Every structure is written in structure tokens, then in C-alpha cells.
Amino acid sequence: MFTRHDLEQLDRLLYSRADRVVPMRDVWKGDTAAGAIGLRHDVDDNPGSFDTALAMAEWEMRRGYSSTWFLLHDSHYWTQDNLARTVEFEEMGHEVAIHVNGIAEALRQNRDPVAIVAEALAELREFVRVEGCVAHGDPWCYRNRKGFGPLDFVNDEMWLESQRPDMGDPCRIVSHDGVHVPIAPVSRVELGLGYDASWLSRGMYLSDSGGGWSPPLYEIAEAFGNGQLHVLQHPDHWLSVFEAVPV
């Protein structure tokens with residue numbers, strides 16, 4: 001879990017040094033300068049994640065930063081009331097996008113992953129514009145699901161633009177507990193999606209996955225400016241910070 005000191009260090013070493021901090025939509029549309037940081041947040045299915053996301057979004061807005069918030073369509077916070085609140089991200093100058101868990105959820109529901117994501121997009125688009133996506137690392141993506149062993153699939157394999165030959169045939173069947181789901185990739189364009197954040201070109205990448213920086217923050221700070229930096233933060237890891245830090 002990150003602390004207030006971690007937030008201040010991140011701000012001092014990276015965000016405040018950048019020419020600008022921008023959402024992934026801007027990167028996709030051509031803002032690829034080394035002085036710009038592309039910032040995204042994956043809002044996973046953990047208690048407090050949605051409210052923490054809104055608090056983080058306000059903290060960023062007050063500092064002139066913009067970012068992308070990828071909302072998980074099979075999460076506990078995916079309710080009509082919270083979807084209506086997504087306009088608050090846009091009002092603060094941020095982008096809202098979708099955290100795709102289509103294949104994993106198709107195994108749970110025994111349905112078509114494309115239909116699942118299309119329905120979720122329709123719900124979210126009642127309130128905000130959605131052009132971006134990124135895959136969720138669901139436990140069901142792994143063969144040894146309790147221990148997070150070797151990957152069986154990645155949720156972005158439902159897109160033609162995100163083929164992963166090392167995972168197997170792009171058109172194949174994945175199975176779990178007697179449920180068999182065909183992966184039949186379609187273009188993101190068919191669902192009105194312009195980009196996948198994981199597939200945007202970048203020079204460096206910093207992630208807080210697992211509750212710690214990878215690579216270490218000081219390494220990124222020393223190399224800053226050597227190609228564009230993309231940063232991934234998960235609100236789940238910053239809950240205590242935004243309970244304590246005034247926005």
C-alpha cells in the first residue's frame with residue numbers, strides 16, 4: 001500500500017517535471033512527446049476503489065494533470081448510480097474508458113465476450129464518451145487460477161488488433177469448469193473503440209501493480225525524457241493516501 005510520501009515523491013520526481021500529464025486518448029491522437037507523461041488508472045474490483053478514483057481525479061485536476069480512468073465492467077461499483085457519476089471525471093478534465101474483462105466474464109456467464117463488452121459500453125456511453133480500452137488481468141486468465149500460474153489467455157485477445165501468437169491460435173477455445181468459450185477476434189472499431197492503452201507506443205513504463213513500483217521509481221526518474229513515459233496507477237493501492245491527503 002502506498003503512502004503520502006510515495007505520492008509526494010511521484011509528483012516531485014515525475015509529474016511536476018513533465019511538460020504536461022495527459023490521458024491516453026491524447027497519446028493515441030498524437031501527443032507522443034518525451035516531455036509528456038501518459039497517465040492511466042485501472043479501477044479494479046476492490047472496496048473503495050471507485051470513490052478513491054474520484055478523489056485521485058480531483059487531486060490531479062488541482063495540479064493541472066489529466067488522465068484516463070479505465071472502469072471494470074464486471075465490478076461491484078458498476079451500478080447505475082456510479083455510472084451516472086462518471087461524468088464527474090469528464091468535468092474534471094479526465095477521460096473515461098473501459099477495463100475489458102470480456103473473455104474471463106464469458107467463461108463465468110457462458111456467453112459471447114464481444115456481446116458482454118458491447119453491452120457494458122452501451123451502459124457506460126449513456127453518460128460519457130468512450131474511445132479507449134485496456135485488458136483486465138483477471139485471475140481466470142491463468143491456468144493455475146489460485147496461484148496465478150502461466151497465462152491461458154489475455155482479455156485483449158478478443159480484438160483483431162491485439163493478437164498474441166505466443167498464447168496460441170488467435171481463434172481458439174478456452175475452457176473452465178465445463179464451459180467452453182470460442183475466442184473469435186473482432187476489430188475494436190466494431191465497438192467504436194479507437195485504441196487499447198497497452199498497445200500504444202511508449203519509451204518507458206511505470207506500474208504500481210502489486211502495490212510497488214516496477215521498475216523502481218528512481219530508475220524512471222533518472223531516465224525521464226528518454227522517450228515518452230506511460231504510468232499506470234491502481235486506486236486500490238492509494239486508498240489510505242486519499243483518506244488522509246486533502247484534495
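Hi everyone, let's start inside the protein: the lining of the second largest cavity is made of five nonpolar, two polar and two charged residues. In this count, Ala, Val, Leu, Ile, Met, Phe, Trp, Tyr, Cys and Pro are nonpolar, Asp, Glu, Lys and Arg are charged, and the others, Gly among them, are polar.

A word on the source: this is a predicted model, where local features need pLDDT of at least 70 and side-chain atom pairs need 80 or more, while totals for chains, interfaces and linings use all residues. Residues are numbered from 1 along each chain as its sequence is written, and side-chain values use heavy atoms, with hydrogens and water left out.

Back to that cavity. A cavity is a set of points on a 1 Å grid over the protein atoms alone where a 1.4 Å probe fits but cannot get out, and lining residues have an atom within 4 Å of a point. Its volume, about 40 Å³, is the space filled by probe spheres set on the points, which are joined across faces, edges and corners. M24, G38, R40, A197, R202, Y205, H230, V231 and L232 form the lining. Strand 10 (229-233) gives the largest share, three residues, and strand 2 (36-43) supplies at least two. Strands here are DSSP runs of E with at least two residues, helices are runs of H or I with at least four, and both are numbered from the N terminus.

The whole structure has two cavities of 30 Å³ or more. The largest also comes out at about 40 Å³, and among its lining residues are E157, W159, R164 and P185.

W159 takes us to the largest nonpolar core, where W159, L14, Y15, I37, L206 and L229 have the most contacts among 65 residues. Such a core is a set of buried Ala, Val, Leu, Ile, Met, Phe, Trp, Tyr and Cys residues joined through side-chain atoms within 4.5 Å. Buried means under 20% relative accessible area, exposed means over 50%, and partly exposed is in between (1.4 Å probe, protein chains only).

Which helix gives the most to this core? Helix 3 does, with seven residues. In helix 3 (residues 49-62), 10 of the 14 residues are buried, including F50, L54, M56 and W59. Just after this helix, G64 has a positive phi of about 85°.

F50 also meets T86, which touches L71, V96, L124, F127 and V128 as well, leaving out residues up to four places away in sequence; touching means heavy atoms within 4.5 Å. Is T86 buried or exposed? T86 is buried, because its relative accessible area is 0%.

Now for some loops. N110 sits between helix 6 (102-109) and helix 7 (113-124), and its phi is positive, about 55°, although N110 is not a glycine. D177, between strand 6 (172-176) and strand 7 (179-183), is another non-glycine with a positive phi, near 50°. N110 is exposed, because its relative accessible area is 51%, and D177 is exposed at 73%.

Last stop: where is the cis peptide bond? A cis bond joins S214 and P215, with omega at about -5°, and P215 lies in the loop between strand 9 (204-207) and helix 8 (217-223).

Definitions and conventions
On a 1 Å grid over the protein atoms alone, a cavity is a set of points where a 1.4 Å probe fits but cannot get out, and a pocket is an open set with protein on both sides within 12 Å along at least five of seven lines; lining residues have an atom within 4 Å of a point.
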